[in-house]
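The following explanation leads through a single protein chain, from one local contact to the overall form and back to individual side chains. Please keep the sequence and the coordinates in view while reading.

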Amino acid sequence: MTQIRLKAKTPADIRRTLTRIINMVVNGQMDTKTANTIIVGCNAVLSSIRVDEQQRKIEELEKIINNMA
């Protein structure tokens, strides 16, 4: 099997990866089972990124509130 390098560090990376995967499936370069596995992984990474961003925002707000007290 040919090795495929995909980026998934940012939401923009994931968006590009998903677009690339869709194009590969449409062009017959990747089977749907493999594509589905990658899509599930991208969704998991995207959820993790969102949780990290929310946690960072909560911590920033807590610092602001603590400085006001």
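Leaving aside its neighbours within four places in sequence, with which residues is Pro11 in contact? The residues in question are Leu46 and Ile49, where contact means heavy atoms within 4.5 Å. Pro11 itself has its place in helix α1; helices (H or I, at least four residues) and strands (E, at least two) are DSSP runs, numbered from the N terminus. Between Pro11 and Ile49 there are 38 residues in sequence, yet their C-alpha atoms are 7.7 Å apart in space. With a relative accessibility of 35%, Pro11 counts as partly exposed, given that buried means under 20% relative accessible area, exposed over 50%, and partly exposed in between (1.4 Å probe, protein chains only).

Some conventions apply throughout. This is a predicted model, in which local features need pLDDT of at least 70 and side-chain atom pairs count only at pLDDT 80 or more, whereas totals for chains, interfaces and linings use all residues. Residues are numbered from 1 along each chain as its sequence is written, and side-chain values use heavy atoms, with hydrogens and water left out.

The chain as a whole contains two helices and zero strands. Its radius of gyration is 18 Å, well over the 11 Å that the globule rule gives for 69 residues, so the chain is more spread out than a compact globule. Here the radius is taken over C-alpha atoms, and the globule rule is 2.2 Å times the number of residues to the power 0.38. The C-alpha trace spans about 60 × 20 × 15 Å along its principal axes. Of the 69 residues in the chain, 14% are buried. The accessible surface comes to about 5800 Å², and carbon and sulfur atoms account for 55% of this surface; such areas come from the Shrake-Rupley method with a 1.4 Å probe, and for residues only the protein chains shown count as cover. Among contacts between residues at least 6 apart in sequence, 41% join residues at least 24 apart.

The connection between the helices comes next. Gly28 is found in the loop between α1 (11-26) and α2 (32-68). Its relative accessible area of 62% makes Gly28 exposed. The C-alpha atoms of Gly28 and Val51 are separated by 35 Å, although these residues are 23 apart along the chain.

Is Thr17 buried or exposed? Thr17 counts as buried because its relative accessibility is 5%. Apart from neighbours within four places in sequence, Thr17 is in contact with Leu6, Lys7, Ile38 and Cys42. A polar atom of the Thr17 side chain lies 2.6 Å from the backbone oxygen of Lys7.

Asp13 is buried at a relative accessible area of 10%, whereas Arg16 counts as exposed at 53%.

How many salt bridges does a search of the whole structure find? The search finds two, and Arg56 forms one with Glu60, the closest N and O atoms being 2.9 Å apart. Arg56 and Glu60 both lie in helix α2, four residues apart, again about one turn of the helix. Arg56 counts as partly exposed at 42% relative accessibility, and Glu60 is partly exposed with a relative accessible area of 41%.

A nonpolar patch on the surface is formed by Leu61, Ile64 and Met68, which together have about 350 Å² of accessible area. Patches are made of residues with over 30% relative accessible area and no salt bridge; like charges are joined within 9 Å, and nonpolar side chains (Val, Leu, Ile, Met, Phe, Trp, Tyr) within 5 Å. Within this group, Ile64 lies in helix α2 and is partly exposed, with a relative accessible area of 48%.

How values were computed: Salt bridge = Lys/Arg side-chain N within 4 Å of Asp/Glu carboxyl O. Polar contact = N/O pair within 3.5 Å; in protein donor to acceptor, adjacent residues only side chain to side chain.
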